[in-house]
Amino acid sequence: MRWKRKDLLDLESLSPEEIEYILTTAASFKEVTTRQIKKVPALRGKTVVNLFYEPSTRTRISFEVAAKRLSADVINISTEGSSVKKGETLIDTGKNIEALKADIIVVRHSASGAAAMLAQHLKANVINAGDGWHEHPTQALLDIFTLKEKRGKIQGLKVSIIGDIAHSRVARSNIWGMIKLGAKVTLCAPPMLIPPAIEQTGAKVTSDLDEALKDADAINVLRMQFERDGVEAFPKSSEYFKTYGITEERLQKAKKDIIVMHPGPINRGIEMSSEVADGANSAILEQVTNGIAVRMAVLFLVTQAKNEKKHNSH
Amino acid sequence: MQAKIILSSEEIRKAIQRLAHQILEREPNLKDLALIGIQTRGVCLAKRIQAVIKEVKNEDLPLGVLDITFYRDDLTAIGLSPVVKETHIDFDLNDKRVVLIDDVLFTGRTIRAALDEIMDFGRPKSIELLVLIDRGHRQLPIRPDFVGKNIPTSLEELVEVKFEETDGVDEVAIIPKGEKTD
């Protein structure tokens with residue numbers, strides 16, 4: 001197949017083939033990252049702008065490393081603490097960045113749909129690095145990549161996503177991506193952290209952690225997002241750990257080779273114990289490594305789509 | 001315009017035999033010699049040459065596989081979204097004498113990309129170029145050291161190399177542009 005999308009905004013609208021195509025491309029880039037010279041000239045002369053309206057270390061650095069390994073130039077813009085607001089101003093900022101001849105804009109924003117709005121108004125390629133509670137497609141892609149690398153396929157795997165589903169864009173992207181590739185997804189959280197009508201995605205819902213762990217091939221444990229609005233209606237952290245925290249003791253009831261993933265940063269002692277985070281089942285640091293390969297693939301593919309359009313027009 | 005077969009299966013076999021023996025004539029003791037094939041059909045060709053050398057010398061030359069997609073200079077121009085295949089070089093390239101192998105030599109841009117990629121893996125002592133078909137129309141100062149067959153072509157034609165491993169048949173044909181089957 002050929003990649004046709006100028007932007008990567010979500011996984012909901014991607015076909016299973018498109019997701020597989022990103023994963024295959026990412027596998028090639030992973031090989032590049034094992035070389036002595038971890039850099040290829042695929043995006044030489046292109047400029048990538050990381051436009052982050054929310055704090056982020058891991059995702060921004062991951063995109064920055066990915067872009068640099070493709071030989072692109074990278075500019076980081078952090079608007080945290082500035083008076084930049086949503087709406088027109090976001091588009092204005094985007095247009096200004098485009099006027100500086102940026103080729104790719106990687107955007108993180110607290111408003112759902114922010115990346116899509118930018119993409120509509122700009123010719124530059126837009127990659128969503130997280131928009132509100134909507135989606136965080138590259139995180140889910142790297143979760144899926146990690147799982148696929150360890151198990152060979154996604155089809156038929158039982159994956160439980162545990163934690164604050166309601167406020168998690170990582171959960172939403174994971175649900176779409178995993179289900180499209182044929183995984184059986186179970187969501188597990190206290191009832192008030194399960195968003196309404198989420199079963200319509202095809203995921204199973206439970207409030208019983210033991211049920212979510214039983215038979216699961218992998219769990220993706222979400223971070224408790226204390227810094228976000230609207231997270232008050234929610235048990236205390238110690239109470240949460242007691243009921244939903246992943247401990248070695250609880251994992252003893254699960255499959256021996258269960259894969260434990262977490263998008264980071266971990267709240268140790270809240271979502272999971274340190275023993276689990278650093279234990280033999282943990283794939284957490286592999287996820288970080290794989291994130292670079294996946295983001296290299298996405299950066300590379302979106303620029304190819306633009307080229308194709310240009311090519312067809314003459 | 002019809003596809004014109006320019007090399008049959010038997011002719012390909014003979015050409016590969018001859019190419020392998022030319023390498024052996026120049027490098028009789030095989031010391032530090034390594035083969036690198038460019039994906040996809042350069043790899044098939046490299047494996048066959050490796051097999052012929054093994055038959056004669058009973059020695060397996062190290063064989064690397066190169067995908068040059070990320071090193072191309074024409075991604076913007078041709079707007080391809082190519083399927084990227086693996087690059088796999090599991091031996092130390094430093095001080096090796098490399099024979100770089102591809103099926104068809106045309107503009108020379110693939111070879112330029114391959115040379116750049118090889119240099120990122122190490123510093124070989126030398127690199128020589130082996131191709132099954134040289135069809136002319138070079139855009140860069142690159143020339144092959146070993147050639148299976150020189151075929152004068154027009155820019156309106158395509159040279160299609162098929163190998164049993166990838167296409168089910170051994171055959172080289174000239175076909176009019178726009179009718180390429182893959």
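Modeller: Let's begin with Thr40(B), which lies in the loop between E2 and H2 of chain B. Helices (H or I, at least four residues) and strands (E, at least two) are DSSP runs numbered from the N terminus. The model is predicted, so local features need pLDDT of at least 70 and side-chain atom pairs count only at pLDDT 80 or more, while totals for chains, interfaces and linings use all residues. Residues are numbered from 1 along each chain as its sequence is written, with chains lettered from A and ligands numbered from 1 in the order in which they are written.

Biologist: What kind of peptide bond joins Gln39(B) and Thr40(B)?

Modeller: A cis one, with omega about -5°. Chain A has a cis bond between Gly264(A) and Pro265(A), where omega is about -10°. Pro265(A) sits in the loop between E9 and helix H10 (274-277) of chain A. For background, most peptide bonds are trans.

Biologist: What makes Asp257(A) count as exposed?

Modeller: A residue is buried if 20 or more other C-beta atoms lie within 10 Å of its own, exposed if 12 or fewer, and partly exposed in between, with C-beta atoms placed from the backbone. Asp257(A) has 11 such neighbours inside 10 Å, so it counts as exposed. Its place is the loop between helix H9 (248-251) and strand E9 (259-261) of chain A.

Biologist: And why does Asp215(A) count as partly exposed?

Modeller: Asp215(A) has 13 C-beta neighbours inside 10 Å, and therefore counts as partly exposed. Its phi is positive, near 70°, in a residue other than glycine. Asp215(A) belongs to the loop between helix H7 (209-213) and strand E8 (218-221) of chain A.

Biologist: Where is Ala197(A), and what is its phi?

Modeller: Ala197(A) is in the loop between strand E6 (184-188) and strand E7 (204-206) of chain A. Its phi is positive, about 60°, although it is not a glycine. Ala197(A) is exposed, because 7 other C-beta atoms lie within 10 Å.

Biologist: How do you know that the span of H2(B) agrees with what it should be?

Modeller: The expected span is 1.5 Å times one less than the number of residues. For the 17 residues of H2(B) that gives 24 Å, and the end C-alpha atoms are 24 Å apart, so the two agree. After H2(B) comes Asn58(B), with a positive phi near 55°.

Biologist: Why is H1(A) called roughly perpendicular to H5(A)?

Modeller: The axes of helix H1 (residues 16-33) and helix H5 (residues 137-151) of chain A come within 10 Å and cross at roughly 70°. That makes H1(A) roughly perpendicular to H5(A), since angles of 65 to 115 degrees take that name, under 35 being roughly parallel, over 145 roughly antiparallel and the rest oblique.

Biologist: Which strands form the open sheet in chain B, and why do E3 and E6 stand at the edges?

Modeller: The order is E3-E2-E4-E5-E6, 5 strands with parallel pairing. E3 and strand E6 (146-150) of chain B each have a single partner strand, so one side of each is left without a neighbour in the sheet. The twist averages 25° from one strand to the next.

Biologist: How many bridges join E2(B) to E4(B)?

Modeller: There are 5, in the parallel sense; two strands pair if DSSP finds at least two bridges between them. In E4(B), Leu100(B) is the bridge partner of Ile36(B), and in E3(B), Gly64(B) stands opposite Ile36(B).

Technical notes: Axes are lines fitted to C-alpha atoms, for helices over the stretch in contact, and angles run from 0 to 180 degrees between N-to-C directions.
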